[in-house]
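Here are my notes on the model you passed along.

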Amino acid sequence: MSLYKQPDYWSLKAKTEHYPARSVYKLQEMNEKFGLFSPKAAKKSEPVKILDLGAVPGSWSLYALRLLGKRVFVLGVDLAPLSPDYDRGLFEGEHYCFLQGDMTTGEIQQAILAQSPFHLVMSDAAPGTTGNPGVDTFRSLTLAEAALEYADRTLLRGGNFVVKVFQGGDSSGLLKGIRKRFKIGKSFKPQACRRTSFETYYLGLDKLG
Ligand SMILES: C[S@@+](CC[C@H](N)C(=O)[O-])C[C@H]1O[C@@H](n2cnc3c(N)ncnc32)[C@H](O)[C@@H]1O
């Protein structure tokens, strides 16, 4: 039986507010605390361009679309197809584009580069867990490193970055790498992360030139 069968406060809130996943409240808290969606790189007159890696079932994308309305363009990427059940037309419009595929492959990389640059790169991508902490943390780190490479290649100077990592692996090098590239680099665990979960988030704010 799944550990997470009982809906908790955050799952019920997501249901009421028509978000497909409770993970939206992790992003909301990080945005409210660190201004993720107001990167220095973005001018008021132009849309904020966001790359959302590991976007399915779509809560983070939906949060950006609802929050910024016409002032946003989101490119979502995931191995799985996007669920259109929640979007009420938002995913259909000109402010959203979705690529289905593996973010670590050359083909998807080319498609992402074609839509760059971005003001915010966010990655909630997570591997399917095996129950073996060594394997799971290694796979999570591989995805997080790929996300940082996207930040290197597609993020504008003054842009922001957020990435999920499973704790316990050798992720200190990743945080060091973020601190080298951004004015501020930090680790943060939002309240909506499950107590039993070993995930956390690394943030890079204000990309250096
Ligand atoms: C926790 S979910 C993301 C939830 C999403 N942020 C939301 O709010 O709805 C993690 C996602 O990462 C995706 N993922 C894992 N490995 C991936 C890869 N190599 N390329 C693209 N997506 C990947 C999974 O398919 C899964 O949908």
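**Notes on the fold and the ligand shell**

1. Start with α2 (residues 24-34) and α3: the two helices pack at an angle of about 45°, with their axes 8 Å apart. That makes α2 oblique to α3, oblique being whatever is left once angles under 35 degrees are called roughly parallel, over 145 roughly antiparallel and 65 to 115 roughly perpendicular. Axes here are lines fitted to C-alpha atoms, for helices over the stretch in contact, and angles run from 0 to 180 degrees between N-to-C directions. Helices (H or I, at least four residues) and strands (E, at least two) are DSSP runs, numbered from the N terminus.

2. Before going on, two caveats. This is a predicted model, where local features need pLDDT of at least 70 and side-chain atom pairs count only at pLDDT 80 or more, while totals for chains, interfaces and linings use all residues. Residues are numbered from 1 along each chain as its sequence is written.

3. Who makes the contact between α2 and α3? From α2 come V24, L27 and Q28, and from α3 come S59, W60 and Y63, where contact means C-beta atoms, placed from the backbone, within 7 Å. By class that is four nonpolar, two polar and no charged residues. For the classes, Ala, Val, Leu, Ile, Met, Phe, Trp, Tyr, Cys and Pro are nonpolar, Asp, Glu, Lys and Arg are charged, and the others, Gly among them, are polar.

4. The other helix pair to look at is α5 with α6 (residues 172-181), whose axes come within 11 Å and cross at roughly 10°. So α5 is roughly parallel to α6. L141, A144, E145 and L148 of α5 meet L174, G177 and I178 of α6. This contact has five nonpolar, one polar and one charged residues.

5. Now the sheet. It is open, with seven strands in the order β3-β2-β1-β4-β5-β7-β6 and mixed pairing; strands pair if DSSP finds at least two bridges between them. β3 (96-100) and β6 (182-188) stand at the edges with a single partner strand each, so one side of each has no neighbour in the sheet. Neighbouring strands are turned by 10° against each other on average, direction ignored.

6. β2 and β3 run parallel and are joined by five bridges. If you want a spot to check, G76 has F98 of β3 as its bridge partner.

7. Which strands does α3 lie across? They are β1 (48-53), β2, β3 and β4 (118-123), and α3 runs at about 175° to β2. Helix α5 (residues 133-154) also packs on the sheet, touching β1, β4, β5 (155-166) and β7 (199-207), with its direction at about 175° to that of β5.

8. On to the ligand: 23 residues surround it, and the closest are G54, V56, S59, M103 and D124. A residue counts as near if its C-beta atom, placed from the backbone, lies within 6 Å. The elements giving two or more residues to this shell are α3 (59-68) and β2 (72-78). The shell divides into 15 nonpolar, five polar and three charged residues.

9. The V56 to P57 peptide bond is cis, with omega near 15°, and P57 sits in the loop between β1 and α3. Another cis bond runs from S116 to P117, with omega near 5°; P117 is in the loop between α4 (106-115) and β4. H18 is not a glycine, yet has a positive phi of about 60°, and its place is in the loop between α1 (9-16) and α2.

Definitions and conventions:
Contact = placed C-beta atoms within 7 Å.
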